[in-house]
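Please look at the sequence and the model first, then read on.

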Amino acid sequence: MPELPDVECYQRFFRETSLRREIVGVEVLNRRVLEGVSAQRLRRALVGRAFGSTHRHGKYLFAEVADSLWMVLHFGMTGSLDFGRPPSPGPYDRVVFAFEGGDRLAYVCPRMFGRVMLAESVEEFIGARSLGPDALAVSREEFARRIGRSKAALKACLMNQSCTAGIGNLYSDEILFQSRLAPSRPGHRLTGSQLDRLYRDMRKVLLLAIRREADPRAMPPSYLLPHRAPNGRCPTCQTELRRRSVAGRTTYWCPKCQRI
DNA sequence: AGGTATGTTAATTG
DNA sequence: GCAATTAACATACC
């Protein structure tokens, strides 16, 4: 379920388990998840070194390996991390990093939409991918500029990683619900105070989701996410939620509370 | 069996 | 160039 809150949790997990331990092996169980790097080059880049620090930008997790060398993880729709010393790899482990002492970090990715990459630096990677500022790092002014100038639907805008990075399908629905804005409304139609509110709600939703361990069902009952299902009802007014594809993704909203 | 799925990218169309 | 839509990717789940 990797949107920004999920990847933030993975980053914390990575920091708690996998920093400053000598990497003694890198096993690529499925090379499809590698992008722009061979299994051999990944192994040579990592073995004998240790992950020194981490950084998150949007849905990407970076781990520093050496000067001008970072490993970059993206989790697709179903990726996650696992740590321990199991007797054998899990069925969906795609890359396994073995540390001195026997512990292993597994990059798990059942549907293999995620990718493992190398980059010279965080900035170089962000530039090459044309990623916008991270959704939790962007300033109110910069956010308002980016959303307020777009003629695209708010939903598309929030999910566009080159606008702001980190928001996906689920949390964009929640943010728009909190701001009482219809998903198909274009950004450039928003007033200044609506943009302010959208910015505040974006931060509120993402920060709360991180506190709830990125479990959408664990969001408060007054939020959209626990009710976001066919036949679900708006927690505010009990109107049946509407469901339609916007920006290519299934979108849920309350037609009464999010009228404009 | 068929529809759906939390992401990204390319191709197509307007 | 921008915006919207669709397909593709690979697999699991209901």
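## Helices, a hairpin and a DNA strand

The crossing of helices α1 and α7 is right-handed. The model in which this is seen is a predicted one. The two helices pack at an angle of about 40°, and their axes are 9 Å apart. Because angles under 35 degrees would count as roughly parallel and 65 to 115 as roughly perpendicular, α1 is oblique to α7.

On the α1 side of the contact are L4, P5, E8 and C9, which meet L206, A209 and I210 in α7. By type, the contact residues are six nonpolar, no polar and one charged.

The elements discussed here span these residues:

| Element | Residues |
|---|---|
| Helix α1 | residues 4-18 |
| Helix α7 | residues 192-211 |
| Strand β9 | residues 242-246 |
| Strand β10 | residues 249-253 |

Strands β9 and β10 pair in the antiparallel sense, over five bridges. Within this pairing, R242 is opposite W253 in β10. The two strands form a hairpin, with two residues between them. One residue in the turn, A247, has a positive phi of about 55°.

A247 also belongs to the surroundings of DNA strand C, as does G248.

Key. Residues numbered from 1 in each chain as written. Chains lettered and ligands numbered in written order. Predicted model: local features only at pLDDT ≥ 70, side-chain atom pairs only at ≥ 80, totals over all residues. Axes fitted to C-alpha atoms, helices over the stretch in contact; angles between N-to-C directions. Helix = DSSP H or I, 4+ residues; strand = E, 2+ residues; numbered from the N terminus. Parallel < 35°, antiparallel > 145°, perpendicular 65-115°, else oblique. Left-handed = near helix turned anticlockwise from the far one by under 90°. Contact = placed C-beta atoms within 7 Å. Nonpolar A, V, L, I, M, F, W, Y, C, P; charged D, E, K, R; others polar. Near = placed C-beta within 6 Å. Pairing = 2+ DSSP bridges.
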